[in-house]
Amino acid sequence: MSFLEQFNIPPDFTGIHATKWERVKNIGSEGVLPLWIADMDFEIAPEIKKAVSERAQIGFYGYTEKEPAYFEAVKNWFLKRHNWAINTEWILNTPGVICAIHTAINAFSEKDDYILIQPPVYHPFFRVIKRTERKVLESPLIERDGDYEIDFSDFEEKIRKYSPKIFILCNPHNPIGKIYTKEELLRFGDLCDKYNVLILSDEIHADLTAPGIVHIPLGSLGEKYALNSIICTAPSKTFNLAGLHFSNIMIQNEELRNKFQTAFQAAGIPDSNLFALTASKAAYQYGGQWLDSVREYILQNRLYAEQYLKENIPSVKFAKAQGTYFIWLDFRSLGLGNKELEAFLLDKAKIWLNQGYEFGKEGEGFARLNLATQRSILEKALEQLKDAVSAFILD
């Protein structure tokens, strides 16, 4: 059986306490399909499962060193997949990208400094900025008929006026699915270099582009850009390993790297664990075929969803995405407030989506749907949405 055929089979989550499927039991509305959190409903690559299982049979779970083979696997992956040659010493590890962003904010800014973001954007960015007692500075993306553009005039004006210490770039962009072009990345890099703004580039969805679409790591664009950036990557979204809490943070600039490491160590957080290392090495060594099948399956789900919306729910628009496994849905034509839309989707459509208002003011009236699920589940969700919207319009 091919991976594409296997992905069509809904897994049995009974007894494993998967967040996506456990929390839906407690939301107060029966029969809701959970299509929110950034997990896949696909079993991991067999090579990863085999590596973890074999390591688990060895009865020593003590402190574990990172072997050279792990770093070689990471370097080979980024070279072959993203045309980016990295050195072993650039690679640091944290329990997650948000942990890395938290560490960098503490290391490279002070209380009440501004941190620049581009909403609608991944909602934990707002939280980590506020929790570290920094100030959120926004340069919103501009939406035009499903396309999102950068207002570079506003971007530069915000930097000139407020002097943010850090710009958090989300590429591929979550929730929109936009992948920034080389020209856009160079312009970001030039402006941040000009005004001495450090770039934190969250590239956790870099491997989840549509087939044929290229993601460009910011650090691959030349030394000028690499030396003023921290590139946050992880096997978690790529290989469905989020529960292992492990990320690869690439910092070419030695001074930045040392300062980041000092701040991270001061927090007393372990940077890795035995099974995360085992799974991640196997993923980077052997997970390519599985990932390519996942990307194709997600693409077909995206095309199906887009066509279904056009033909059956034309009042619900969507963003034109090049990556991630999300589809960003525009419900503004229904005229519902934030909580009204949330209740409508849960109680009438019986689907649980991430609400757009969580991603900033620019996300109000939108919702994020996770496409990394079985086609049968996606079909049912869209049918329920169609029935709910049709009834709402006729009411």
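An open sheet of 7 strands, with mixed pairing, runs in the order S2-S10-S9-S8-S7-S3-S4, where strands are DSSP runs of E of at least two residues, helices are runs of H or I of at least four, both numbered from the N terminus, and two strands pair if DSSP finds at least two bridges between them. The model is predicted, so local features need pLDDT of at least 70 and side-chain atom pairs count only at pLDDT 80 or more, whereas totals for chains, interfaces and linings use all residues. Residues are numbered from 1 along each chain as its sequence is written, and side-chain values use heavy atoms, with hydrogens and water left out.

- The edge strands, each pairing on one side only, are S2 (91-94) and S4 (135-138).
- Strand S7 (residues 166-170) runs parallel to strand S8 (residues 198-202), joined to it by 5 bridges, and phenylalanine 167 has isoleucine 199 in S8 as its bridge partner.

**A helix pair**
- In H4, residues Ala69, Tyr70, Ala73, Val74 and Trp77 meet Leu277, Ser280, Lys281, Ala283, Tyr284 and Gln285 in H12, contact meaning heavy atoms within 4.5 Å.
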